[in-house]
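Could you walk me through how to read the features of a protein model, one at a time? I would like the general idea and then the case at hand.

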Amino acid sequence: MQVRSDDVPKRRSRPLRAAAISIVLVVLAAGGAFLFYHHVTVTGSGCEADGGQAVGLDTEQAAIAATIAGVADERRLPSGAVTIAYAAAMQESHLHNLHYGDLDSVGVFQQRPSQGWGPARKLENPVYAATKFFHALSSVQGYQTMPVYQAAQAVQHSADGSAYMQYQRMATEMASAFTGQRQHAVYCWSTADRPRHPNVAAITQGLAGTFGPATAELGRPAQHHTMLVPVGRPKLGWTVASWLVTHASTYGIHQVRFGGYQWRAAAGTKGWVRDAGAPPAGTIQVS
């Protein structure tokens, strides 16, 4: 059963670890709320995260979810922390980066500058917002063993903390997909035109902003813009691959190859397929 996540109530820098991931530019020779979800048309754009039961997302939701997972990985947090963050974000903003909210609340977690979360302009950056959320979560004693909604409430201090409970199952499925526990589980599709070549500089900046500054110098862009991203752990590899796929339209990415699979923008809703000519093990190829 596929579940959709848009008809839900809305409430009004760090290095990519040297041993784990680096970026090199190369030239290659030629139940409950779990059932809610908005309708994503195959002819338009959308994403799917299959953590065991498919969750459909719009492209902004998927990109933010991938960013949250990336920030958590950089902080070496468990997937359970990502589940808590997703449950909170679904309740607060429906996983959208809102520029408005109750009183002075803004961003994906609807954090309030007046409550010490930080400047509004920074809270509207999902990386910053997720970093602040995880910093607060890490200070909650025993958050890994308490119910998801209680952990979320301990961070958010919402008027009704039980509201987070309805998103626990969906958040768990999403966390499994976006943190790499399930391989090749996240894919997107879009009919929008994109640049001929990926914006390597922007991709590098985006990865550095989410996972931390790159640890290796980039080579010079050449005729065929292809990035190789070595990763030290398979789960991290799929977390990064999911981030790349969900940001493909933004950065002009046409293909991502990793772990014996490839995703191609031109393939539409086919998602990840077997790749006989995949890059070396532990390396993501982006073109």
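This is a predicted model: local features need pLDDT of at least 70, side-chain atom pairs count only at pLDDT 80 or more; totals for chains, interfaces and linings use all residues.

Q: Happy with that. How many disulfides does the structure hold?

A: A disulfide is a pair of cysteine sulfur atoms within 2.5 Å. The structure holds one: Cys47 is joined to Cys188, with an S to S distance of 2.1 Å. This pair links distant parts of the chain, with Cys47 in strand 3 (residues 45-50) and Cys188 in strand 5 (residues 186-190), 141 residues apart. Helices (H or I, at least four residues) and strands (E, at least two) are DSSP runs, numbered from the N terminus.

Q: Why is the disulfide of Cys47 and Cys188 called right-handed?

A: Look at the torsion about the S-S bond: for Cys47 and Cys188 it is about 105°, so the disulfide is right-handed.

Q: Are Cys47 and Cys188 buried or exposed?

A: Buried means under 20% relative accessible area, exposed means over 50%, and partly exposed lies in between (1.4 Å probe, protein chains only). Cys47 has a relative accessible area of 1% and is buried. Cys188 is buried too, at 6%.

Q: Let me turn to strand pairing. In which sense do strand 3 and strand 4 pair?

A: Two strands pair if DSSP finds at least two bridges between them. Strand 3 and strand 4 have four bridges and pair in the antiparallel sense; for example, Asp50 has Ala54 in strand 4 as its bridge partner. The two strands form a hairpin with three residues between them, and Gly52 in the turn has a positive phi of about 125°.

Q: Which way do the residues of strand 4 point?

A: In strand 4 (residues 54-57), Ala54 and Gly56 point one way while Val55 and Leu57 point the other way, and all are buried.

Q: Which strand is joined to strand 6 by bridges?

A: Strand 6 is joined by four bridges to strand 10 (residues 283-286), and the two run antiparallel. Leu228 has Gln285 in strand 10 as its bridge partner. Strand 6 (residues 226-230) is mostly covered, with four of its five residues buried.

Q: Now helices. What describes two packed helices?

A: Two packed helices are described by the angle between their axes and the distance between the axes. Axes are lines fitted to C-alpha atoms, for helices over the stretch in contact, and angles run from 0 to 180 degrees between N-to-C directions. Helix 1 (residues 59-74) and helix 4 pack at about 50°, with axes 9 Å apart. That makes helix 1 oblique to helix 4; angles under 35 degrees count as roughly parallel, over 145 as roughly antiparallel, 65 to 115 as roughly perpendicular and the rest as oblique.

Q: Which residues meet where helix 1 and helix 4 pack?

A: Contact means heavy atoms within 4.5 Å. Among those that meet are Ile64, Thr67 and Ile68 in helix 1 and Ala130, Thr131 and Phe134 in helix 4.

Q: How do helix 4 and helix 5 pack?

A: Their angle is about 110° and their axes are 9 Å apart. Helix 4 and helix 5 are therefore roughly perpendicular to each other. The contact is made by Phe133, Ala136 and Leu137 of helix 4 and Ala151, Val155 and Gln156 of helix 5.

Q: And at what angle do the axes of helix 7 and helix 8 cross?

A: The axes of helix 7 (residues 200-211) and helix 8 (residues 234-246) cross at roughly 130° and come within 11 Å. That makes helix 7 oblique to helix 8.

Q: What is the phi of His184, and where does His184 lie?

A: His184 also has a positive phi, of about 40°, although it is not a glycine. His184 lies in the loop between helix 6 (168-178) and strand 5, and is partly exposed with a relative accessible area of 28%.

Terms used: Residues are numbered from 1 along each chain as its sequence is written. Side-chain values use heavy atoms; hydrogens and water are left out.
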